[in-house]
Amino acid sequence: MAALLLDGSEVTAQARDALLCGGVGVVWNGTAPAQSLARIYRRRLGLTRRTGQETLGLERAVEVLSSYRLPTRLGQITAPDDLWVYMLFLSEDAQSLIVCTGVRKPQPATAL
């Protein structure tokens, strides 16, 4: 999976680092239309903006998925510290990366 994460973007570099440092990666079976994923992630973009949740590459992912016309497979990498989750949008055969996005997981409030 790490070999797919070499497109030069900041989010992809962070996802690759997370994986190589002990993060957990998975690629799920099955595909979905990229345009459907673009609609889902466009809504998530709006939600993260409203809540102030930190993301990387989410706007770009929505743009790329909106224009991609082939079935898309999903993958995910969870950072070893569990602070970030990276979504991988892959070709149907999971042999190439279409785009990647990351979201910082909300952390529970600490007691004073």
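Cys100 is buried, at 2% relative accessibility, where buried denotes under 20% relative accessible area, exposed over 50% and partly exposed the range in between (1.4 Å probe, protein chains only). Cys21, by contrast, is exposed, with a relative accessible area of 60%. The structure is a predicted model, in which local features need pLDDT of at least 70 and side-chain atom pairs count only at pLDDT 80 or more, while totals for chains, interfaces and linings use all residues. Residues are numbered from 1 along each chain as its sequence is written, and side-chain values use heavy atoms, with hydrogens and water left out.

A disulfide is defined as a pair of cysteine sulfur atoms within 2.5 Å, and by this rule the count is 0. The cysteine sulfur closest to that of Cys21 belongs to Cys100 and lies 15 Å away, too far for a bond. Seen from Cys100, the closest cysteine sulfur is that of Cys21, again at 15 Å.

Secondary-structure elements are DSSP runs numbered from the N terminus, with helices (H or I) of at least four residues and strands (E) of at least two. Helix 3 spans residues 58–67, and its buried residues are Leu58, Ala61, Val62, Val64 and Leu65. The cover over these buried residues includes helix 2 (34–51) together with strand 3 (55–56), strand 4 (71–78), strand 5 (84–90) and strand 6 (97–104).

The axes of helix 2 and helix 3 come within 8 Å and cross at roughly 160°. This angle makes helix 2 roughly antiparallel to helix 3. Axes here are lines fitted to C-alpha atoms, for helices over the stretch in contact, and angles run from 0 to 180 degrees between N-to-C directions. Angles under 35 degrees count as roughly parallel, over 145 as roughly antiparallel, 65 to 115 as roughly perpendicular and the rest as oblique. The crossing of helix 2 past helix 3 is left-handed, that is, the near helix is turned anticlockwise from the far one by less than a right angle.

Contact is taken as heavy atoms within 4.5 Å. On the helix 2 side, the residues that meet helix 3 are Ala34, Gln35, Leu37, Ala38, Tyr41, Arg42, Arg44, Leu45, Thr48 and Arg49, and their counterparts in helix 3 are Leu58, Glu59, Val62, Leu65 and Ser66. By class, this contact comprises 8 nonpolar, 3 polar and 4 charged residues; Ala, Val, Leu, Ile, Met, Phe, Trp, Tyr, Cys and Pro count as nonpolar, Asp, Glu, Lys and Arg as charged, and the others, Gly among them, as polar.

Positive phi values were also examined in the loops. Asp82, in the loop between strand 4 and strand 5, has a phi near 65°, a positive value in a residue other than glycine. Asp82 is partly exposed, with a relative accessible area of 36%. Ala94, found in the loop between strand 5 and strand 6, likewise is not a glycine and has a positive phi of about 60°. At 17% relative accessibility, Ala94 is buried.

Gln76 is located in strand 4. Not counting residues up to four places away in sequence, Gln76 touches Val24, Gly25, Val26, Trp28, Val85, Tyr86, Met87 and Leu88. Its C-alpha atom is separated by 12 Å from that of Thr12, 64 residues apart along the chain.

Leu6 lies in the segment before helix 1 (10–20) and is exposed, with a relative accessible area of 59%. With the same exclusion of residues up to four places away in sequence, Leu6 touches Thr12 and Arg16. The C-alpha atoms of Leu6 and Ile77, 71 residues apart along the chain, are separated by 15 Å.
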